[in-house]
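Here's a quick briefing to read alongside the picture. Take a look at the sequence and the model, then work through the points below.

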Number of protein chains: 2
Amino acid sequence: MARRIATPAAGATQPPVDERPLRLASTEIIATGNEAYTPRQNAVLESALGLLVEGGERALTTAGVARAANCSKESLYKWFGDRDGLLAAMITFQSSKVKAEAAGPGANGRAALRSRLEGIAVSLLKVLAGDVSLALNRLAIGQARRGEADLGLLLREHGRKPIETRLSALLESGRREGLLDFADTREAYRTLYGLIVRDMHVRLLLGDSLDGEAPAARAAQAIDEFFRLHGREEDTGPARERTGAGNERTG
Amino acid sequence: MARRIATPAAGATQPPVDERPLRLASTEIIATGNEAYTPRQNAVLESALGLLVEGGERALTTAGVARAANCSKESLYKWFGDRDGLLAAMITFQSSKVKAEAAGPGANGRAALRSRLEGIAVSLLKVLAGDVSLALNRLAIGQARRGEADLGLLLREHGRKPIETRLSALLESGRREGLLDFADTREAYRTLYGLIVRDMHVRLLLGDSLDGEAPAARAAQAIDEFFRLHGREEDTGPARERTGAGNERTG
DNA sequence: AGTGCAGCGTACCGTACGGTACGGTTCCGA
DNA sequence: TCGGAACCGTACCGTACGGTACGCTGCACT
């Protein structure tokens, strides 16, 4: 069924990865922040990600990863302990690559807020539609069961939380400036998220191809709609009634 | 790892299913519309769904299904041809159960439109959050790869299309009545979908539990927001500008 | 130069799964 | 009453995968 993976498939996308052996002496561990992976391990994780993107979970066997990364299965188990450990490491590794760019407080005003919101929205759309993100989400979702979903928790924590905090902080700063009007930040964030992403994410996860949804246009329209719902200046219309459902929750 | 499935697990949810053997003579096939499955096959598919809900894809082995449904593996392969055939049959079977209730054109007016939209939204939220729907979506998403996603296509066709057509028809009837204002029906539908579902679906797929998001309140708020964006009567505010992005698409 | 260790490649093992085959049983129709 | 067909239960087979063990190479440090 799954054809042999003899040649290092999907090797065209990632950079050459420095072909030298990259041996390590004793305790030469590069702590890049949270997790501490050696460069060799990072390269292995990169190969594993390529394998996952190309062939899905079925292609992500320990033997396949070892072959694609030119390492031994024994090393894999020594470094990551387990297949699940490898999967978790892939998630944390990928999320550590995506982070960066915190973008401190810049200019004020409605136009600035709008442009910053649009920027985050565009990057969000591009990340969600990316091959690696889709593959990892498919992996975590496929593993998830009724109660337990360890990979899903990891992905929610590493993938969605950062975006939520960034967007929420931006929304609250807009509210402090009197540009936005909402009661519950989390509710406002979710509305914004829904306007930006809609059902695009699930459709992509299910294998659909986005038929010409340009991220920039989508983001602009979503931010426009959000301002029409929660904006405060006159050219976006006064917010007639609050929408934060925090007070009318029944459950 | 997966514990033995000796007792018919997850049998508490579904009805007794008529314990008699239910043998079939020659060509006694009950054509329920699209697919033609015998009652026995339906019962087997029900068991398979219970197994999938309870244990995820890993638990959905042919031997497990045969044991849970008290049938032989040979019959499974005879009826569904293949493991993938079984999975596809599960999807079509479940979607055939959910369909029903077409709800022809009822009363007119803004309140009627609003209540019908809310009704569809509530049912949509309840279906999406249901155990079986989540399990099937996880299955299809987990199977999906880069280009090919047969189960995903099936799920999109049987699960999302009906809702889109129903909601779209309702939106267009509202526009014909002068209650709604939008240019592109598909765009308006997607905005509405995003307002209703937000990121709830993906969060649930990733194993998150919805912290007291009541479907009724969620639906009411979403429809309210949609009317604020695309409504036409004065108590919802005039639609200042169109939002359908059909004309400003770049891709 | 010599020792040690990290890591590569491969061989190996047990299990579990998809798919097939076979005997026995029950029911339907003639 | 007698065939035949559908079907159940189980045994069986080949493969593939997770995980472990072993021998070898080559760099690092002394």
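## How the protein meets the DNA and itself

Of the atoms of DNA strand D within 4 Å of the protein, 60% belong to sugar or phosphate, and the rest are base atoms. This is a predicted model, where local features need pLDDT of at least 70 and side-chain atom pairs count only at pLDDT 80 or more, while totals for chains, interfaces and linings use all residues. Residues are numbered from 1 along each chain as its sequence is written, chains are lettered from A and ligands numbered from 1 in the order in which they are written, and side-chain values use heavy atoms, leaving out hydrogens and water.

**Around DNA strand D**

- There are 18 residues around DNA strand D, and those that come nearest are K73(A), E74(A), D82(A), R83(A) and S75(B); a residue counts as near if one of its heavy atoms lies within 4 Å.
- Sorted by class, this surface has 5 nonpolar, 5 polar and 8 charged residues. Here Ala, Val, Leu, Ile, Met, Phe, Trp, Tyr, Cys and Pro are nonpolar, Asp, Glu, Lys and Arg are charged, and the others, Gly among them, are polar.
- Helix 3 (73–80) of chain A and helix 3 (73–80) of chain B each supply at least two residues of the surface near DNA strand D. Helix 3 of chain B gives the most, with 4 residues. Helices are DSSP runs (H or I, at least four residues), numbered from the N terminus.
- On the base side, a side-chain N or O atom of E74(A) sits 2.2 Å from a base nitrogen of DNA strand D.

**Two copies, chain A and chain B**

- The same surface serves both copies, since 98% of the contact residues of chain B recur in chain A.
- The contact (heavy atoms within 4.5 Å) takes 56 residues from chain B and 55 residues from chain A.
- About 5400 Å² is buried between chain B and chain A, with carbon and sulfur atoms giving 50% of that area. Buried area is the accessible area (1.4 Å probe) that two parts lose on being put together, summed over both.

**Salt bridges**

- Over all chains, the structure holds 30 salt bridges, each one a side-chain nitrogen of Lys or Arg within 4 Å of a carboxyl oxygen of Asp or Glu.
- Between chain B and chain A the count is 10 salt bridges. One of them joins D208(B) and R156(A) (3.9 Å, N to O).
- Within chain A, E157(A) pairs with K161(A) in a salt bridge, their closest N and O atoms being 3.1 Å apart. Both residues lie in helix 7 (residues 150–176) of chain A, 4 residues apart, about one turn of the helix.

Terms used: Polar contact = N/O pair within 3.5 Å; in protein donor to acceptor, adjacent residues only side chain to side chain.
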